[in-house]
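Here is a protein to explore with its ligands in place. Look first, then read on.

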Amino acid sequence: MHTLPPWPYPFWIAHRGAGKLAPENTLAAFRAGQVLGYRMAECDVTLSADEQPFLLHDATLERTTDGRGVAAEHAWSALAGLDAGAWHGPRFRGERLPTLEALADHARHSGLLLNLELKPGPGQAARTGAVVAREVARLWADLTPPLLSSFECASLEAARAAVESLPRALLLERLTPGWLDTARDLGCAAVVVHCGALDVAAITRAHEAGLRVLSYTVNRAAEARRLQAAGIDGLITDAVDRFAPD
Ligand code: G3P
Ligand code: MG
């Protein structure tokens, strides 16, 4: 039997806040998950042109805001006034893109735990990892730190170089050759793997290497049961109204 390091996070994690019930990556989305008992949320963090960390999934603004173009090309002063809620429904009109600082305030007051996915704009992988890690260390200094995850090794490397003590996770859509060595070399505490790519053998190998295993995006009960039986450590879900967290 392998012993894994302590893990401060709950099993169930709301994806993009609770990004199906409310506009993803907004404070309204985090609240929607918390009302249903979710104590942790995943969200996507990126940088404005003047290096303000804020929450947004896409590289461009059109799908989830009333802005246009590449988000990373705009200064925060231009992004701050965008409407990030009306696209989801009229009652969310006026919802803003949250800064990392606004998210930290919300976490402090509500006890929400976080998985911050580093989502760099074009050519910004290392910069995003470094800036976000430094801001997280400052804003969460006396709180349980967010888990920093990314598909981008350069973001995880830069986050480690900036603030080594923050927990990191390598995101994987597939189990590419050398995935476990890559995660270990990056000093990760966990891997976060697409649910279709995981089985009991992979989870066991990761555990034997001292890594936790989370999975995204798990929205079907049968898939959740399969992964729980296989020993998964956490599930990221859109279906916050289907799965009741502990
Ligand atoms: O962090 C897990 C998941 O959020 C990765 O995919 O595209 O939803 O950010 P995406
Ligand atoms: Mg994400």
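Predicted model: local features only at pLDDT ≥ 70, side-chain atom pairs only at ≥ 80, totals over all residues.

Residues are numbered from 1 along each chain as its sequence is written, chains are lettered from A and ligands numbered from 1 in the order written, and side-chain values use heavy atoms, without hydrogens and water.

Start with ligand 1. Residues around ligand 1 include His 15, Arg 16, Phe 151 and Tyr 216 (near means a heavy atom within 4 Å). Which residues put a polar side-chain atom 2.8 Å from an oxygen atom of ligand 1? His 15 does. Arg 16 does too, and so does Glu 117. These are polar contacts (pairs of N or O atoms within 3.5 Å). Alone, ligand 1 exposes 290 Å², and the protein buries 89% of that (Shrake-Rupley method, 1.4 Å probe).

Now find the magnesium ion, ligand 2. Its protein donors are Glu 42, Asp 44 and Glu 117, at 2.0 to 2.2 Å (donors are N, O and S atoms within 2.8 Å of the metal, or 3.2 Å for Na, K and Ca; water is not among the atoms, so sites may look incomplete). Asp 44 lies in strand 2 (residues 40-47) and Glu 117 in strand 4 (residues 113-118), so the pair ties together parts 73 residues apart in sequence (strands are DSSP runs of E, at least two residues, numbered from the N terminus).

Key:
Polar contact = N/O pair within 3.5 Å; in protein donor to acceptor, adjacent residues only side chain to side chain. Helix = DSSP H or I, 4+ residues; strand = E, 2+ residues; numbered from the N terminus.
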